[in-house]
Amino acid sequence: MKLALNLGFAICIFLATSVVSYSEDLSKPYNPTRKEWLDFSIFKAIKTQTDPWKKRISFISWVKEQEGTIYVTLTQANGQGAIDQDTADRYLELVKKNIENILQKYDWSKDMKVHIQFI
């Protein structure tokens, strides 16, 4: 019994120190895939662009690399009043242009299509 407790304690110490040492090593190389890079760039661009808007919105984006398409859905954030169609259309146009600007920066993404909707 004592041996099992000591072994369990040793395993816990080993796991705790290995997690800490791995998370502290920020010098390890990391290369995101193009899909990961695009996902992050799109998320950041939409978030940065939409945060100062009078009506807050929420969004979800998907990069479908096999289809060569990016899908984005915008919706009003929780607690926000209804958004009229003109405002929704303006939001859609601004976000779509922003995404298309990102896609044009890279040769590997410039032919991707963008499908965007507001629900």
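Two strands pair if DSSP finds at least two bridges between them. I start from that rule, since the sheet is my opening topic. The model I am looking at is predicted.

**Entry 1: the sheet**

I looked up the bridges between E1 and E2 and found 8 of them, with the two strands running antiparallel. One position I noted is Ile60, which stands opposite Thr73 in E2. I then read off the whole sheet: it is open, has 3 strands in the order E1-E2-E3, and its pairing is mixed. E1 and E3 each have a single partner strand and stand at the edges, so one side of each has no neighbour in the sheet. For the twist I have an average of 15 degrees from one strand to the next.

**Entry 2: helices against the sheet**

Next I checked what packs on the sheet. H2 does, and H2 touches E1 and E2. The direction of H2 makes about 160 degrees with that of E1. H3 lies across E1, E2 and E3, and runs at about 155 degrees to E3.

**Entry 3: the chain as a whole**

I listed the elements and got 3 helices and 3 strands. Read from the N terminus, their order is α-α-β-β-α-β. The protein has 119 residues, and 26% of them count as buried. I also looked at how far apart in sequence the contacting residues are. Among contacts with a separation of 6 or more, 59% are between residues 24 or more positions apart. The accessible surface comes to about 9000 Å², and carbon and sulfur atoms account for 58% of that surface.

In soluble globular proteins, nonpolar side chains tend to be buried together. I looked for such a group here. The largest nonpolar core holds 22 residues, and those touching the most other members are Leu38, Ile70, Leu74 and Ile99. Which elements give two or more residues to this core? They are helix H2 (34-50), strand E1 (57-64), strand E2 (69-76), helix H3 (85-104) and strand E3 (113-118). H3 gives the most, with 7 residues.

Setting aside neighbours within four places in sequence, I found Leu74 in contact with Ile57, Ser58 and Phe59, among others. The list for Leu74 also includes Tyr91, Leu92 and Val95, as well as Ile116, Gln117, Phe118 and Ile119.

**Entry 4: aromatic pairs**

A pair of aromatic rings is described by the distance of the centres and the angle of the planes. How many aromatic pairs does the count come to? I get 2.

Phe59 has a relative accessible area of 16%, and buried means under 20%, so Phe59 is buried.

The other pair is Tyr106 with Trp108. Their ring centres are 5.0 Å apart and their planes are at 20 degrees, so this pair is stacked. Tyr106 is partly exposed, at a relative accessible area of 23%. Trp108 is partly exposed as well, at 30%.

Terms used: Residues numbered from 1 in each chain as written. Predicted model: local features only at pLDDT ≥ 70, side-chain atom pairs only at ≥ 80, totals over all residues. Heavy atoms only, no water. Core = buried A, V, L, I, M, F, W, Y, C linked by side-chain atoms within 4.5 Å. Buried < 20%, exposed > 50% of the residue type's maximum accessible area, 1.4 Å probe, protein only. Helix = DSSP H or I, 4+ residues; strand = E, 2+ residues; numbered from the N terminus. Contact = heavy atoms within 4.5 Å. Phe/Tyr/Trp six-rings, centres within 6.5 Å; stacked < 30°, edge-to-face > 60°. Axes fitted to C-alpha atoms, helices over the stretch in contact; angles between N-to-C directions. Areas by Shrake-Rupley, 256 points an atom, 1.4 Å probe, with all protein chains shown as cover.
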